[in-house]
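Below is a short briefing on a predicted model.

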Amino acid sequence: MVQLPHSGMHLLSMKTVLKIIMVLAAFTAGTVVYAQSPDGHRFDVRISASGSPLTASNFFVDGPRRWGDIAFLESPSLAKIYGEGHGVTRTTGAFGVGFDWSAARWFSLSLDVDVALLWNERFDSVTGKSKGNHTAAAFYLLPRLKFFYINRGHFRLYSSLGLGAVKYSGFDKLRPDQTFRPCLQISPLGVEYGGRVFGFLEAGAGNMFSGLQGGIGYRF
Amino acid sequence: MKKILFILAAVIGLSACTVDDSKENPRTSDALRWFCADLVNKTVVNSVHSLIGLQKDGKDINAEGFNMAATYYDDRLTPVFTRLEQDRWRADAKSSTIEFSVVITRKEGPEGRDSWTCRDAQAILREDSEYAAIMNSEGEILFDWKSSQYISSISYELVQTGRYRITTYRGGAGVDECAMIYTDGKGVLNILN
């Protein structure tokens, strides 16, 4: 029998992700030497906005795909053919808050909590009548490691690596057991500028955003 | 500070305008063609190939009282073959979603390449209480062998020529009326509504 493969694959189980996060945290705690940033501030809090959450957008529109889907495609069901169609998908991008702890002059640990809203118009594929907007949200919890190449005065240049989790809510293309997933975010280049109040802009790719993230922060 | 605020405003503005501009209307002629061809394949084509499979396996399909279930082509549906008379059978199949029947006749051909004719094919597909489709053959559906010449060999493929009418329903009301027309195995869908 021709069967569509099970599409609920998780690359890593949540237990594995949490283990990796704990190992990374233990590793950094054991190796870094505590030091304050040059201006004596150890913590900062940030608000941020970022570009397109492509992963969430794909899940919102298509649901998860995996290798083998194309080879085992079944003909569409009538429920699919005469189900809902959708218009363009819009998103706010991920926005939220972050907390940083400067563990060393060259290194800090941070935790980002973000949310991205997505919506599109749904319509009846037979009558063409609008059925209103469908809205969903993705909630991100992202611990990050930030490595500073330059940390001098008001100017800082850094890279960051984040590994956390995301909860998709209202994504009708995801089964309930597919809505909690690992989240990876890499930002090869980021810039911070300012004193106690600073702005930042970083370029990155991952599950939370692809493109730019920027924001404003307060150091204390 | 002004520069920072400017950059922040630009970033927020850009991200708020982010758009995934893919649109989807799943009711396309391609989707309907795929659906109709699949319905024909798992019912009529499956029945003809399965009867040929039984014959190739040495079953005496012309024996008096012959009655056997078999599928050699698509195991989503298993037809039950009943001999009606010499070289004439009826295939019936029922699954959780499909009820199907067809009458198949055989005409002997050279080197075991018999031709097969289907009449009165009817399939009712019910996906759930909401969606359904009814397929009927119009006239005869002829399955015959199409040859392809290669450098050192000739290959034969059993292909169908004929016409089916398929009507789809949603909530009891007809939605699309389609004609699936096969010529030497190539299927073309005409949407009649």
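In this predicted model, chain B and chain A are joined by 2 salt bridges. The side chains of Lys80(A) and Glu24(B) form a salt bridge, with 3.5 Å from N to O. Between chain B and chain A there are also 11 residue pairs in polar contact, both residues at pLDDT 80 or more.

**Side of chain B that touches chain A**
- Helix 1 (2-16), strand 1 (19-20), helix 2, strand 7, strand 8 and strand 9 of chain B each give two or more residues to this side.
- Helix 1 of chain B provides the largest share, 8 residues.
- By class, this side has 19 nonpolar, 11 charged and 5 polar residues.

**Extent of the contact**
- Chain A contributes 44 residues to the contact and chain B contributes 35 residues.
- About 3,200 Å² is buried between the two chains, and carbon and sulfur atoms give 64% of that area.
- Within chain B, the residues that lose the most area to chain A are Asp20(B), Glu24(B) and Arg170(B), together 18% of what that side buries.

**Nonpolar cores**
- The largest nonpolar core has 46 residues, of which Phe100(B), Ile104(B), Trp116(B), Met135(B) and Phe143(B) touch the most other members.
- Helix 2 of chain B gives the most to this core, 13 residues.
- Leaving aside residues up to four places away in sequence, Phe100(B) touches residues including Val44(B), Leu77(B), Ala121(B) and Met135(B).
- A second, separate core has 17 residues, among them Ala94(A), Tyr140(A), Leu142(A) and Tyr168(A).

**Leu54(A)**
- Leu54(A) lies in helix 2 (residues 54-61) of chain A.
- Leu54(A) counts as partly exposed because its relative accessibility is 45%.

Definitions and conventions. Residues numbered from 1 in each chain as written. Chains lettered and ligands numbered in written order. Predicted model: local features only at pLDDT ≥ 70, side-chain atom pairs only at ≥ 80, totals over all residues. Heavy atoms only, no water. Helix = DSSP H or I, 4+ residues; strand = E, 2+ residues; numbered from the N terminus. Buried < 20%, exposed > 50% of the residue type's maximum accessible area, 1.4 Å probe, protein only. Core = buried A, V, L, I, M, F, W, Y, C linked by side-chain atoms within 4.5 Å. Contact = heavy atoms within 4.5 Å. Buried area = accessible area lost by both parts, 1.4 Å probe. Salt bridge = Lys/Arg side-chain N within 4 Å of Asp/Glu carboxyl O. Polar contact = N/O pair within 3.5 Å; in protein donor to acceptor, adjacent residues only side chain to side chain. Nonpolar A, V, L, I, M, F, W, Y, C, P; charged D, E, K, R; others polar.
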